[in-house]
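Hi everyone, thanks for making time today. Let me put the structure up, and then we can walk through its packing together.

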Amino acid sequence: MTRGKFRIKVCIHALISFAIFVSAAILPISAGQNPDKVETVYSHSNDSMRIALTFDDGPHYKYTAEILDILAEYNVKATFFVVGMLAERYPELILRELAEGHEVGNHTWSHPKLSKISESELSRELLNTERVLNEIADYRPKLFRPPEGNTSKIVESAAQKNDYSIVIWSVDTLDWAHTPTDKIVETVLDKTCAGSIILCHDFIGSNSPTPDALRRFIPALLDAGYKFVTVSELIAN
């Protein structure tokens, strides 16, 4: 795909999200609406070609380190949604993520199936991960990605009560399913547009396709004029 085609491509989902945002900003809040409802983000339209690259389920002793090397090579910043019990096991990788300018989000303590736990149990999952991140790096995350992207009233309530924004994604690489590298690259280049949030995983059991895919789609997106930022930077305005 040429650089010109990248620049003129329109992301319908992002434009719709932006239109809804504008409408909400200019219309009064109707009776019964809750202005304090937790924010759930799938993408964030912008006119500066900013996108966010995210990684779930880590840290992993091998793949997280390899991914960090690749990101450093291209001077790309990302957001890592970490599992608390793995963060406790590999604190040096959490410290490296933060030292190299990446963002760390909360992906629960044990990656439970959210439909099987209560709101109080989910809150404990979030708080346990917070505790470990605070012990490791004096760091408190503000972003929460539910395992498997599953949301519900219980998930939204737990996030709101614990002061989190929920972050999902708009581009799914399906790398966790060992999707072939060529297919991952094709998906990312075809679906990414300004404001996209790209989902990858830094913890995959074995033979992860993610590092090779990153080496191919990161330079292609940079050449097309995209700017990688953390999720917080993407949604700041």
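**The nonpolar cores**

So, this is a predicted model, and I'd like to start with its largest nonpolar core, which has 35 residues. Those with the most contacts inside this core are Leu53, Phe55, Leu71, Leu214, Phe217, Ile218 and Leu221. Who supplies them? At least two core residues come from each of strands S2 (50-56), S3 (79-82) and S8 (197-201), and likewise from each of helices H3 (63-74), H6 (119-137), H8 (181-191) and H9 (210-223). Helix H9 gives the largest share, 5 residues.

Let's click on Phe55 for a moment. Leaving aside residues up to four places away in sequence, Phe55 touches Ile67, Leu71, Ala78, Thr79, Phe80 and Phe81, and also Cys200, His201, Asp202, Thr210 and Leu214.

There is also a second, separate core, with 24 residues, including Val41, Leu114, Val229 and Ile235.

**Helices H3 and H9**

Now for a helix pair. How are H3 and H9 oriented relative to each other? Their packing angle is about 20 degrees, and the axes lie 10 Å apart. Angles under 35 degrees count as roughly parallel, so H3 and H9 are roughly parallel to each other. The crossing of H3 past H9 is right-handed.

Which residues of H3 and H9 meet? On the H3 side we have Tyr63, Glu66, Ile67, Ile70, Leu71 and Tyr74, and they meet Thr210, Pro211, Leu214, Arg215, Ile218, Pro219 and Leu222 in H9. Sorted by class, this contact has 10 nonpolar residues, 1 polar and 2 charged.

Definitions and conventions
Residues numbered from 1 in each chain as written. Predicted model: local features only at pLDDT ≥ 70, side-chain atom pairs only at ≥ 80, totals over all residues. Heavy atoms only, no water. Core = buried A, V, L, I, M, F, W, Y, C linked by side-chain atoms within 4.5 Å. Buried < 20%, exposed > 50% of the residue type's maximum accessible area, 1.4 Å probe, protein only. Helix = DSSP H or I, 4+ residues; strand = E, 2+ residues; numbered from the N terminus. Contact = heavy atoms within 4.5 Å. Axes fitted to C-alpha atoms, helices over the stretch in contact; angles between N-to-C directions. Parallel < 35°, antiparallel > 145°, perpendicular 65-115°, else oblique. Left-handed = near helix turned anticlockwise from the far one by under 90°. Nonpolar A, V, L, I, M, F, W, Y, C, P; charged D, E, K, R; others polar.
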